[in-house]
Amino acid sequence: MAVYFTNNQYLKTAEEDFEAAELLHGHKYYDQIGTICSVAMTKYLKAVREAIYPAEESSAFYMTEDKIAILNKIKEKLPDFTITEQDCRWMDSVYGKANCTDGIHIIMPKQTIVQAFHLLAAVRKEARRCEKENNRDGRFFSNRVSEIQ
């Protein structure tokens, strides 16, 4: 298992989810991968939010799973953020199909999961970029140090 060094807890767990989805892909568990990709996308969005907002502003979103609400808050500070509301809705539809919420089980097609991975990789790239910029500024570290003192 790969280790990703960061203080951003959402980024850590999203990275673990991404790796789990990659492992499952080799076994063709597409329904489970769809679920993991959706959950990981939410965590990556929360990781971006955690990287760009102070902790007191991020804490209000700890319990939400609403990707669009998190995305809209991100876009307040990063209007050029590449992920869209349509991307969030699409990933939620993958999650819905993977969890059979309509009572009819349809096996998730491989192509859908490949598309989910591509979208998740794009969100992952943005989350890592925001985390690097945040750490370069020293903002996260200095905030944590002041909390400890």
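Tutor: Helices here are DSSP runs of H or I with at least four residues, and strands are runs of E with at least two, both numbered from the N terminus. This is a predicted model, in which local features need pLDDT of at least 70 and side-chain atom pairs count only at pLDDT 80 or more, while totals for chains, interfaces and linings use all residues. Residues are numbered from 1 along each chain as its sequence is written, and side-chain values use heavy atoms, with hydrogens and water left out.

Student: Does Glu15 count as buried or exposed?

Tutor: Glu15 lies in helix H1. Buried means under 20% relative accessible area, exposed over 50%, and partly exposed in between (1.4 Å probe, protein chains only). At 9% relative accessibility, Glu15 is therefore buried.

Student: Which side chain does Glu15 join in a polar contact?

Tutor: A polar contact is a pair of N or O atoms within 3.5 Å; within protein, one must be able to donate a hydrogen and the other to accept it, and residues adjacent in sequence count only if both atoms are side-chain atoms. At 2.6 Å, the partner of Glu15 is Tyr44.

Student: How wide is the arc of the buried residues of H4?

Tutor: These residues are Lys67, Ile68, Ile70, Leu71 and Ile74. The arc is that of the directions from the helix axis to the C-beta atoms. The buried residues line one face of H4, because they fall within an arc of 155 degrees.

Student: What is the angle between the planes of Phe18 and Phe117?

Tutor: Rings of Phe, Tyr and Trp (its six-membered ring) pair if their centres lie within 6.5 Å; planes under 30 degrees apart are stacked, over 60 edge-to-face, and the rest tilted. Phe18 in H1 and Phe117 in H6 are 99 residues apart. Their centres are 6.0 Å apart, and the pair is edge-to-face, at 80 degrees.

Student: How far is the charged end of Lys77 from the ring centre of Tyr53?

Tutor: A charge sits over a ring if NZ of Lys or CZ of Arg is within 6 Å of the ring centre and within 35 degrees of the ring normal. Arg49 sits over the ring of Tyr53, 4.8 Å from its centre. For Lys77 over the ring of Tyr53, the distance is 4.5 Å.
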